[in-house]
Amino acid sequence: MAMITKIRLQNWKSFKDSTIYIDSLGILIGTNASGKSNVLDAFAFLRAVGEGKSLLDAIQAVRGGEDWIIRRGEDFFCIEIEIEIDGSSYLLDLRVIKQNSVFSFGPCEIHRLGIEGDDVVPGKFIDSARNITWKMYDVPIFLDFWAKIYATFRNIIILDPVPAKMRDYCKISKELKSDGSNVAGVLCALAPEEKKKVEALVSSYVRPLPERDINKVISEPVGLIKSDAMLYCYEDWNPEQPVDARGMSDGTLRFIAIVVALLTVAPHSLLLIEEVDNGLHPSRAKELVDMLKELSRQRQVDVLCTTHNPVLLDELGNKMIPFISYVTRDENGDSHVNLLEEKENLAKLMASGTIGRMMVNDKI
């Protein structure tokens, strides 16, 4: 088992030096252009590295590419990852340097946390596939150890469902795309009994959303050779006539994609969801929050969401304050991630209003 517990961004895009903590369910808030998406871009870069992409290809997987990946005026960035593997914690410094317009890895280091002293002899692991040389401190030089590191990076999933792309037929496939466009195909790729179970769970979570309750959500193979799939639902008002994805609302489709992601990604994955409540009526915030809490815990999937919705923040409740971070940008244009529980005068601010009200009033 391996899971990321926090990352630190140094000279990454708009961030000079900030740390993001990963929990079972975390919330990231901030105004437009504060830097929230830049945080998700860092995870996209790690996933690309895990997939074995070249450095330039990994950089191009990030919005803005090589022109914006390093904070202005600097010649390197570092993503420091704290990762737990089989009960031990390790700290990885993944560093990229730019010299004469050429990007290269290094020096990159990995330490086992809690081990100090002069008796620790550094080792070296050369990853020829990615052209990374790791300087290692009290770390086992085993290929399966490094396989777990990169598998953890690959198990980072960034989800930003696009309802317009979810309304077409899609290929049957095992991995959900970041835009959710193949959600029907992912359901159809499941073994029959698993498919039935997952569809029943999706239906139970989606049912309270629309004004006319949805009784059932299913996916069916379509086409001459049944290689494509389409999403359907049955509504209360006409239980005999299925409605395909073209007739479903944007909010319902986005919600379905989020539930399917939580039910189908591998345990111990890290799921990042952009604007998690986009398209949902504020009155449905409770259903969304309850679903995220329940499925993240049951499936052992860590979830980090971004949101602008004050109603959603209020539904989270005060017990979630330790798991809410907010992103700000200073007068120099540098972004900062701050833990809400560490905000000055938080108790006084909370006495005069809710978390959502604090955000509306630009207090966080």
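**The α1/α3 contact and beyond**

Reply: Helix α1 crosses α3 in a left-handed sense, meaning that the near helix is turned anticlockwise from the far one by less than a right angle, clockwise being right-handed. This is a predicted model, in which local features need pLDDT of at least 70 and side-chain atom pairs count only at pLDDT 80 or more, while totals for chains, interfaces and linings use all residues. Residues are numbered from 1 along each chain as its sequence is written, and side-chain values use heavy atoms, with hydrogens and water left out. Helices (H or I, at least four residues) and strands (E, at least two) are DSSP runs numbered from the N terminus.

Two packed helices are described by the angle between their axes and the distance between the axes. For α1 (residues 36-50) and α3, the angle is about 135 degrees and the axes are 7 Å apart. That makes α1 oblique to α3. The axes are lines fitted to C-alpha atoms, for helices over the stretch in contact, and the angles run from 0 to 180 degrees between N-to-C directions. Under 35 degrees counts as roughly parallel, over 145 as roughly antiparallel, 65 to 115 as roughly perpendicular, and the rest as oblique.

From α1, the contact takes Leu46, Arg47, Val49 and Gly50; from α3, it takes Tyr150, Phe153 and Arg154. Contact here means heavy atoms within 4.5 Å. By class, the residues of this α1 and α3 contact are four nonpolar, one polar and two charged. Ala, Val, Leu, Ile, Met, Phe, Trp, Tyr, Cys and Pro count as nonpolar; Asp, Glu, Lys and Arg as charged; the others, Gly among them, as polar.

Rings of Phe, Tyr and Trp (its six-membered ring) pair if their centres lie within 6.5 Å; planes under 30 degrees apart are stacked, over 60 edge-to-face, and the rest tilted.

The structure holds nine aromatic pairs. In one of them, the ring centres of Trp12 and Phe77 are 5.0 Å apart with planes at 80 degrees, so this pair is edge-to-face. Trp12 sits in strand β1 (residues 2-12) and Phe77 in strand β4 (residues 76-85), 65 residues apart, and their pairing links distant parts of the chain. Trp12 is buried at a relative accessible area of 0%, and Phe77 is buried at 0% as well. Buried means under 20% relative accessible area, exposed over 50%, and partly exposed in between (1.4 Å probe, protein chains only).

Tyr90 is buried, with 6% relative accessibility, and Phe145 is buried with 6%.

The axes of α7 (residues 250-264) and α8 (residues 285-299) come within 9 Å and cross at roughly 15 degrees. That makes α7 roughly parallel to α8. The crossing of α7 past α8 is left-handed. On the α7 side, the meeting residues are Phe255, Ile258, Val259, Leu262, Leu263 and Thr264; on the α8 side, they are Leu288, Met291, Leu292, Leu295, Ser296 and Arg299. The α7 and α8 contact comprises nine nonpolar, two polar and one charged residue.

Some backbone details remain. Most residues other than glycine have a negative phi, and most peptide bonds are trans. Ser101, not a glycine, has a positive phi of about 70 degrees. Ser101 lies in the loop between β5 and β6 and is exposed at 57% relative accessibility. His268 likewise has a positive phi, near 70 degrees. The loop between α7 and β15 (270-273) holds His268, which is partly exposed at 22% relative accessibility. The peptide bond from Gly106 to Pro107 is cis, with omega near -5 degrees, and Pro107 is in the loop between β6 (102-105) and β7 (108-112).
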